[in-house]
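Here is a short briefing on the packing inside this protein chain. Keep the sequence and the model open while you read.

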Amino acid sequence: RLRTAAGIVACSQLAADAVVAAGISPENVRVIRHGLPLSDFVFHTPRDGNTLFTACRLEEKKGIDTLLLACELLMERDIPFRCLIAGTGPLLIPLKTLCSRLKLDAHVQFAGWQAQEETRAGIANASVLVLPSRRTADGDRDGIANILLEAMALGTPVVTTTAGAAGEAIVDQVNGLLVPPDSPTALANALATVLNDHALPPRLAHAAR
């Protein structure tokens, strides 16, 4: 399909580079990133509380197991937090089992599938939007996940990984925090920083918007 297409649109430079690497002429490839109608996203900061929020399909590349392990570290450090995980998928039961094994049931809630309006409200009310994506063994990974852009538009600080194309929208320590994938310690450190440094979230949020 790529070879016979008159033109190819990629939603990130990472995706465009992958197409070119497959032997497609760069002249046939254009990058058009996803956008948001900012009039639909009311910006406000700061936020009270200590809620971590994520919404995604519960599959391997989203790295929710890494988030749970990071939550265990936050709990061990006596950092107050609540983690809300919205979405469903093939790993729902294994993730719930891991959550219970880590004794996180008092801190973590699986909210199931949510309508777009519910997800947007969850982002808007959260202290941090976290997406701990990874690259899987077969190369699957996120591009620039829309939920990251929505959080940036709403004023919710973003913590995510370098596994996909998030770095095309987020500059570490400027308008969000980027950590290595599959590192519960790095993720926990970043989340603790956002929760404990009251000057950092509004600075990140204003730069992100």
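The largest nonpolar core of this predicted model has 61 residues. Leu 52, Leu 67, Leu 68, Ile 85, Val 108 and Leu 191 have the most contacts inside this core.

**Contacts of Leu 52**

- Residues up to four places away in sequence are left out of the Leu 52 list.
- Leu 52 touches Cys 71, Leu 74, Phe 81, Arg 82, Cys 83 and Leu 84, among others.
- Val 128, Val 130, Leu 191 and Leu 195 also touch Leu 52.

**Helix H2 against helix H3**

- Helix H2 covers residues 64-76, and helix H3 covers residues 92-101.
- Their axes lie 10 Å apart, at an angle of about 10°.
- Angles under 35 degrees count as roughly parallel, so H2 and H3 are roughly parallel to each other.
- H2 brings Ile 64, Asp 65 and Leu 68 to the contact.
- H3 brings Leu 95, Leu 98 and Cys 99.
- The residues of this H2 and H3 contact are five nonpolar, no polar and one charged.

**Helix H2 against helix H6**

- Helix H6 spans residues 184-196.
- The axes of H2 and H6 come within 8 Å and cross at roughly 60°.
- H2 and H6 are therefore oblique to each other.
- The crossing of H2 past H6 is right-handed.
- On the H2 side, the contact residues are Thr 66, Leu 67, Leu 69, Ala 70, Leu 73 and Leu 74.
- On the H6 side, they are Pro 184, Thr 185, Leu 187, Ala 188, Leu 191 and Ala 192.
- The residues of the H2 and H6 contact divide into 10 nonpolar, two polar and no charged.

**Ala 186 in helix H6**

- Ala 186 is found in helix H6.
- Ala 186 and Ala 70 are 116 residues apart along the chain, and their C-alpha atoms are separated by 8.2 Å.
- Ala 186 is in contact with Val 179 and Pro 180, leaving aside neighbours within four places in sequence.

**The buried residues of helix H4**

- Helix H4 runs over residues 116-125.
- Its buried residues are Thr 119, Gly 122, Ile 123 and Ala 124.
- These buried residues pack against strand E3 (51-55), strand E6 (128-131) and helix H5 (146-154).

**An exposed isoleucine**

- Ile 93 lies in helix H3.
- Exposed means over 50% relative accessible area, so Ile 93, at 58%, counts as exposed.
- Ile 93 and Leu 58 are 35 residues apart in sequence.
- Their C-alpha atoms are 9.7 Å apart in space.

- Lys 103 is not a glycine, yet has a positive phi of about 60°.
- Lys 103 is found in the loop between H3 and strand E5 (108-112).
- With a relative accessible area of 66%, Lys 103 is exposed.
- Gln 173 also has a positive phi, near 75°, and is a residue other than glycine.
- Gln 173 sits in the loop between strand E7 (158-161) and strand E8 (177-179).
- At 43% relative accessibility, Gln 173 counts as partly exposed.

Conventions: Residues numbered from 1 in each chain as written. Predicted model: local features only at pLDDT ≥ 70, side-chain atom pairs only at ≥ 80, totals over all residues. Heavy atoms only, no water. Core = buried A, V, L, I, M, F, W, Y, C linked by side-chain atoms within 4.5 Å. Buried < 20%, exposed > 50% of the residue type's maximum accessible area, 1.4 Å probe, protein only. Contact = heavy atoms within 4.5 Å. Axes fitted to C-alpha atoms, helices over the stretch in contact; angles between N-to-C directions. Helix = DSSP H or I, 4+ residues; strand = E, 2+ residues; numbered from the N terminus. Parallel < 35°, antiparallel > 145°, perpendicular 65-115°, else oblique. Nonpolar A, V, L, I, M, F, W, Y, C, P; charged D, E, K, R; others polar. Left-handed = near helix turned anticlockwise from the far one by under 90°.
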